[in-house]
Amino acid sequence: MSSAAGALPKARRLAGRPVSTSRRILLERAFVIFCVLSATASVAILALLLGSIVFQTQGYLDASFLKKVPSRFPHKAGMWPAIVGSVAVCVSCAMFALPIGIGTAVFLEEYRPTKSRWMKRLHSFVQLNISNLAGVPSIVYGIIGLTAFVEGFGIVGSAQDPLLTIGSESSWYFFRLPFGRGVLAGGLTLMLVILPIVIISAQEALRAVPDSLRHAALGLGATRWQMVSQVSLPSAIPGIMTGSILAMSRAIGEAAPMLVISGAVYITFLPRNVMESFTVMPLQIYEWAKLPQKEFHHVAAAGIVVLLVVLLAFNAFAVFIRQKFHKPLS
Amino acid sequence: MSDESASSRRLPGRPRSKPAQRAKERLIQLSLVACGLFSILTTGTIIVVLAYEAIRFFGLDEVSVTDFFFGTEWTPLMGSEKHFGIWPLISGTFLVTGVAMLVALPLGLITAIYLSEYAPKKLRSVLKPTLEVLAGIPTVVFGFFALTVITPGLQFLHEGFEIYNAFSAGVAVGIMCLPIVTSLTEDALQAVPRALREGAYGLGATRFDVSIKIVVPAALSGIVAAFLLAIARAIGETMIVTLAAGSSPMFTLDPRQSIQTMTAYMVQIFLGDVSNFGAEYLSSYAVAFMLFVITFGITVVGQKIRTRFREEYQ
């Protein structure tokens with residue numbers, strides 16, 4: 001009985017002034033209903049969002065829509081250049097973002113410095129810095145990409161008068177420094193945007209690898225890199241891949257930095273090399289959505305459906321990898 | 001087990017001389033450090049580029065620093081006399097953010113409480129994927145949704161809404177922020193140990209008492225951090241406001257009007273055929289610097305709150 005007496009004041013404090021049990025139960029029921037209503041709001045919103053977009057396609061979405069190029073006439077408009085541009089930009093983005101991102105994650109998780117104080121400081125500073133970078137608005141990355149990649153900080157000439165060129169503008173290996181408003185500049189800018197996401201997800205995947213595996217490798221005389229490359233990374237690869245695919249799906253949907261990099265463009269051709277101007281799916285949708293004619297809103301809706309299907313495929317693939325290859329290691 | 005023995009058998013690889021091995025290890029470590037340094041280089045570049053261009057902007061004759069920070073007129077593209085007072089852009093940004101948070105914070109918090117404390121497995125398995133899908137939708141889609149569904153809906157309810165208005169963009173930004181608020185808040189609520197809940201139940205508390213009077217206060221630092229992150233995200237949102245909020249910088253608090261946010265102004269400049277060196281071009285860097293400072297500040301405060309005020313439970 002003494003314990004109950006000790007608990008009483010606490011219980012009274014919990015409920016504020018004493019409230020009758022029936023009122024408390026009533027409150028509880030009302031709150032549950034309130035909760036269910038607000039929680040289902042998100043489902044309703046999603047249904048409304050997807051439903052209204054599918055409704056607005058109004059027959060503009062068919063197989064030929066994928067193969068057509070943008071046009072002044074809504075019925076002739078399609079998004080083939082945008083699809084190719086998205087693929088090109090995302091491939092060039094992945095080529096840089098994945099090695100650098102996974103490298104940083106390995107540095108942060110597997111190479112924790114133990115001796116040098118300077119290295120320890122660097123280590124924690126990088127970690128702090130990455131969580132800060134994740135909060136930077138993507139349009140700021142767009143501006144930095146414009147200054148750094150497109151214009152080369154203005155110190156290596158300009159796109160019209162480049163410091164260095166290889167090949168001519170029509171050749172597939174054309175290269176110039178600075179890059180100008182091209183696919184490569186777009187890919188590198190997207191890399192800046194998704195790098196924090198890649199790093200954080202790869203870190204989580206590496207953290208999920210139990211230390212006993214690492215200790216076993218080190219105990220057998222493996223060097224640190226042997227341990228990382230043959231034990232930690234292979235065990236973490238499903239997690240890293242899932243995170244990377246999700247980061248890439250973020251990159252595909254990113255429009256703001258691409259808007260800054262590629263500028264106001266009307267592109268009806270495919271890029272021949274990585275320096276040529278481009279458009280991507282979300283950018284093309286934006287261009288259509290801001291036109292005043294109602295018909296182009298239908299075209300934009302059709303474009304959105306294509307974009308969402310691509311993203312859905314990416315997400316499904318990520319979930320598949322997570323389910324298929326995920327096995328508890330500890 | 002078989003995996004482990006297989007990988008350990010592979011471990012030594014082919015025999016290598018000790019110095020060569022050591023050099024290789026060193027090289028790999030250095031390249032990993034270089035990867036880490038890249039992120040610091042990115043931050044450094046952002047700060048240096050934005051600050052440098054902003055200072056160049058303030059150095060121009062037609063721009064005054066006091067006017068920029070205290071002026072309420074932003075007319076860089078019209079008329080012979082240009083005014084660079086940032087307040088219309090800031091008020092526009094915060095108007096949209098305010099509306100967005102009115103949507104996202106209460107809804108997100110309640111949904112998170114429901115998911116963490118109440119939801120039966122079945123409902124959870126519907127709600128979680130819904131929120132994940134919502135989180136994966138590109139912002140340009142929300143912008144289109146605001147323009148073609150929310151705005152006509154608002155106009156149907158009340159004639160005062162213009163075609164481009166802050167309210168519609170704000171609602172869309174709020175929907176965009178909803179999954180962020182929900183998932184981060186739910187993480188914070190889940191981190192509260194079970195013993196606290198059991199203790200309260202043992203004392204006769206209802207579920208409502210437990211969630212509102214025990215779990216939410218215990219997770220408060222995490223919840224506030226989640227809210228701040230959502231606010232930072234809303235401030236930096238670009239595509240929705242570009243499509244739905246309009247492009248007329250106005251110092252107003254009326255959400256029915258067309259306004260312009262900081263991000264939308266930048267888009268307008270970089271899309272337009274503005275000469276690369278004029279005051280209006282450089283002004284976008286100054287605006288970007290302001291935006292960066294605001295969002296960076298909010299992110300840092302959020303992290304500080306999360307780490308400093310975290311209640312540690314065993």
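A residue is called buried if 20 or more other C-beta atoms lie within 10 Å of its own, exposed if 12 or fewer, and partly exposed in between. The model is a predicted one.

Q: Why is Gln58(A) called partly exposed?
A: Gln58(A) has 14 other C-beta atoms within 10 Å. Partly exposed is the class between the limit of 12 or fewer for exposed and 20 or more for buried, so Gln58(A) with its 14 is partly exposed.

Q: Where is Gln58(A), and between which helices?
A: Gln58(A) lies in the loop between H2 and helix H3 (63–67) of chain A.

Q: What makes the phi of Gln58(A) worth a remark?
A: Its phi is near 50 degrees, a positive value in a residue other than glycine. Most residues other than glycine have a negative phi.

Q: How do you know whether Met119(A) is buried, exposed or partly exposed?
A: Met119(A) has 13 other C-beta atoms within 10 Å. Exposed requires 12 or fewer and buried 20 or more, so Met119(A) is partly exposed. Met119(A) belongs to helix H5 (residues 117–133) of chain A.

Q: How far is the C-alpha atom of Met119(A) from that of Gly303(A)?
A: The two C-alpha atoms are separated by 49 Å, and the residues are 184 apart along the chain.

Q: Why does Tyr164(B) count as buried?
A: There are 23 C-beta neighbours inside 10 Å of Tyr164(B).

Q: What surrounds Tyr164(B), and where does Tyr164(B) sit?
A: Tyr164(B) sits in the loop between H6 and helix H7 (166–190) of chain B. Leaving aside residues up to four places away in sequence, Tyr164(B) touches Ala244(B), Ala245(B), Gly246(B) and Ser258(B). The C-alpha atoms of Tyr164(B) and Gln257(B) are separated by 7.2 Å, with the residues 93 apart along the chain.

Q: Why is helix H11 (residues 281–289) of chain A described as largely enclosed?
A: Of its 9 residues, 9 are buried, so this helix is largely enclosed by the rest of the structure. The buried residues of H11(A) include Met281(A), Tyr286(A), Glu287(A) and Trp288(A).

Q: What do the buried residues of H11(A) pack against?
A: In chain A they pack against helix H4 (80–110), helix H9 (224–253), helix H10 (256–262) and helix H12 (294–325). In chain B they pack against helix H6 (139–157) and helix H11 (239–244).

Q: How many residues of chain A and of chain B are in contact with each other?
A: 79 residues of chain A are in contact with 76 residues of chain B. Helix H2 (residues 21–56) of chain A gives the most to the side of chain A that touches chain B, with 17 residues. By class, that side has 54 nonpolar, 20 polar and 5 charged residues.

Q: Which residues have the most contacts inside the largest nonpolar core?
A: In this core of 199 residues they are Ile194(A), Ala146(B), Ala172(B), Val181(B) and Ile240(B). Val181(B) touches residues including Ala104(B), Leu105(B), Phe227(B) and Ala230(B), not counting residues up to four places away in sequence.

Q: How do helix H4 (residues 87–118) and helix H10 (residues 220–236) of chain B pack?
A: Their axes are 9 Å apart, at an angle of about 145 degrees. The crossing of H4(B) and H10(B) is right-handed. Among the residues making the contact are Ala104(B) and Leu105(B) of H4(B), with Phe227(B) and Ala230(B) of H10(B). The contact has 11 nonpolar, 2 polar and no charged residues.

Q: How does the radius of gyration of each chain stand against that of a compact globule?
A: Chain A has 26 Å, whereas a compact globule of 330 residues would have a value near 20 Å. Chain B has 25 Å, whereas a compact globule of 314 residues would also be near 20 Å.

Q: How many helices and strands are there in chain A and in chain B?
A: Chain A has 12 helices and 2 strands. Chain B has 13 helices and 0 strands.

Note on methods:
Residues numbered from 1 in each chain as written. Chains lettered and ligands numbered in written order. Predicted model: local features only at pLDDT ≥ 70, side-chain atom pairs only at ≥ 80, totals over all residues. Contact = placed C-beta atoms within 7 Å. Helix = DSSP H or I, 4+ residues; strand = E, 2+ residues; numbered from the N terminus. Nonpolar A, V, L, I, M, F, W, Y, C, P; charged D, E, K, R; others polar. Core = buried A, V, L, I, M, F, W, Y, C linked by C-beta atoms within 7 Å. Rg over C-alpha atoms; globule rule 2.2 N^0.38 Å. Axes fitted to C-alpha atoms, helices over the stretch in contact; angles between N-to-C directions. Left-handed = near helix turned anticlockwise from the far one by under 90°.
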